[in-house]
Amino acid sequence: MPALYSKQQEMNTKNRWNLYLKIVDSQMKRMLQTLRRVGMRQVWLPAAAVTAAALLSGWQAGRQTPRLLAVLPSAAVTPDGMAIAPDGDLVIACPNYASYAKGATRPSVPACLLRLDKKGRVRKWVETPVLAETGRSCPMGIEFGPGGELYVVDNQNWASGNGEAGEINQGRILRLKFEGDRIVETAVVADGISHPNGLRYRDGQIYATVSMLPRVKRPDGLLTSAVYRFPAGAHDIHVANDLKDPNLLATFVTENRFVQYGADGLAFDRTGNLYVGNFGDGKIHRIAFDRSGGVAANTVFAQTDMDNSLDPALPGFFAKATAARLRSVDGICADRNDNLYAADFSNNAIVKISPAGAISVVAQNGDTDGRGGQLNEPGEPIVWNGRLVVSNFDAVTGPDKVNTHHDSPATLSVLRPE
Ligand SMILES: [Ca+2]
Ligand SMILES: [Ca+2]
């Protein structure tokens, strides 16, 4: 998602929002006049206030109201991937993309990991290791291995892009070892990756999505993305970002020409099937494995009801887009009953997908600043201590995004698993 802030896009969304408020306002005035005539003002005024608040917050019957789990310290500008530490704390990766000044190649707030404990206390834990040639670190997907080591996606080119021909590829998978609050060992599992995003550890292997493979050219011009698999103990695997990479596990094509962004969140179910979200298409793929660990099938498990041929720049787009389910797929997680939860980043929503593939919206907000716990461009959900915790990325605007502003402070929202 390269464009962080586009003034024109922001204005378009503002105009849409103002029009919406005007409609709500005029309808309320009309109702007030009617009710004045019949003498029910005392009854109506509180009801109108509740209705207006509900409309403005995007409330709909049957959906949850997200609550505030934590206001994050200023070290966190852009919270993204999350993982549960061996001691039960929730660890949050903060690449802090929204702290890059215009044209800057490094964030003004260094990328870091936070810790949130069960009592709700949150603190900066460590800064993640920078790549010497860029001087920056860009942690996104994270997960702990069985020895307490942490695997980290370092998406170096998220904000800078990969160059005109996909020639800049500096992303890494890191393995960090800790003693208390110190990183005592940093190993590079793999490097030279174009755009790594989500990460999972399973049975001694690291699975990482690569959301864009610009070196792979298709006749139709559509984007290819992938899941890679690396042995967790590997060192310095150099990735070529083409279809011949030995560690390439599965590829995906994103057909939505307006949102060319591919594989993002990923999660395993209890039996070891791997689910991968295709961001731009609003699809979740299921990868089944054969006995030797090869891919036996790569099929679409669930997909949006949005018509992705609609141009986000044309009038009427948002009415259809925000009524659609699972319009985009960022982070995904599984609960112990194999329900999946997905961050619908573009729609500012959290969505549930049942084991049968049925999609339902758990919570959805309009354009918010997140301060009351509302969703604010959710990046990833995770089940932590029986609750569904959501990181609010809040760094991308664009013609198809509900989010129009980056806000401060950053927050985590919380929902009930359903
Ligand atoms: Ca992601
Ligand atoms: Ca926002």
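The conversation below sets values from this structure against the definitions of the terms.

Guide: This is a predicted model, in which local features need pLDDT of at least 70 and side-chain atom pairs count only at pLDDT 80 or more, while totals for chains, interfaces and linings use all residues. Residues are numbered from 1 along each chain as its sequence is written, and chains are lettered from A and ligands numbered from 1 in the order in which they are written.

Visitor: How many helices and strands does the secondary structure of the chain come to?

Guide: The chain has 3 helices and 25 strands. Helices (H or I, at least four residues) and strands (E, at least two) are DSSP runs, numbered from the N terminus.

Visitor: What makes A226 count as buried?

Guide: A residue is buried if 20 or more other C-beta atoms lie within 10 Å of its own, exposed if 12 or fewer, and partly exposed in between, with C-beta atoms placed from the backbone. A226 has 26 C-beta neighbours inside 10 Å, and therefore counts as buried. A226 is found in strand β12. In the chain of 418 residues, buried residues make up 44%.

Visitor: Which residues does A226 touch, leaving aside those up to four places away in sequence?

Guide: They are V210, L213, L248, A250, T251, F252 and A263. Two residues are in contact if their C-beta atoms, placed from the backbone, lie within 7 Å. As for C-alpha atoms, those of A226 and M212 are separated by 7.7 Å, the two residues being 14 apart along the chain. Among contacts in the chain between residues at least 6 apart in sequence, 56% join residues at least 24 apart.

Visitor: What is the largest nonpolar core, and which of its residues touch the most other members?

Guide: A nonpolar core is a set of buried Ala, Val, Leu, Ile, Met, Phe, Trp, Tyr and Cys residues joined through C-beta atoms within 7 Å. The largest one here holds 91 residues, of which L114, I332, A342 and I350 touch the most other members. Strand β12 (residues 223-231) supplies the largest share of this core, 5 residues. Residues up to four places away in sequence aside, the contacts of I350 include Y341, V362, L375 and L415.

Visitor: Why are β15 and β18 said to stand at the edges of their sheet?

Guide: Two strands pair if DSSP finds at least two bridges between them. The open sheet of 4 strands has the order β15-β16-β17-β18, with antiparallel pairing. β15 (263-268) and β18 (295-303) each have a single partner strand, so one side of each is left without a neighbour in the sheet. The twist averages 25 degrees from one strand to the next.

Visitor: How do you know that β15 and strand β16 pair?

Guide: β15 and strand β16 (residues 274-278) are joined in the antiparallel sense over 4 bridges, and the definition asks for at least two, so they pair. F268 has L274 in β16 as its bridge partner, and A267 stands opposite Y275. The hairpin of β15 and β16 has 5 residues between the strands, and there G272 takes a positive phi near 100 degrees. β15 is mostly covered, with 5 of its 6 residues buried.

Visitor: What is the order of the open sheet that contains β1?

Guide: The order is β1-β25-β24-β23, in an open sheet of 4 strands with antiparallel pairing. The edge strands β1 (67-71) and β23 (378-384) each pair on one side only. β1 and strand β25 (residues 411-415) pair in the antiparallel sense over 4 bridges, and L68 stands opposite S413 in β25.

Key. Axes fitted to C-alpha atoms, helices over the stretch in contact; angles between N-to-C directions.
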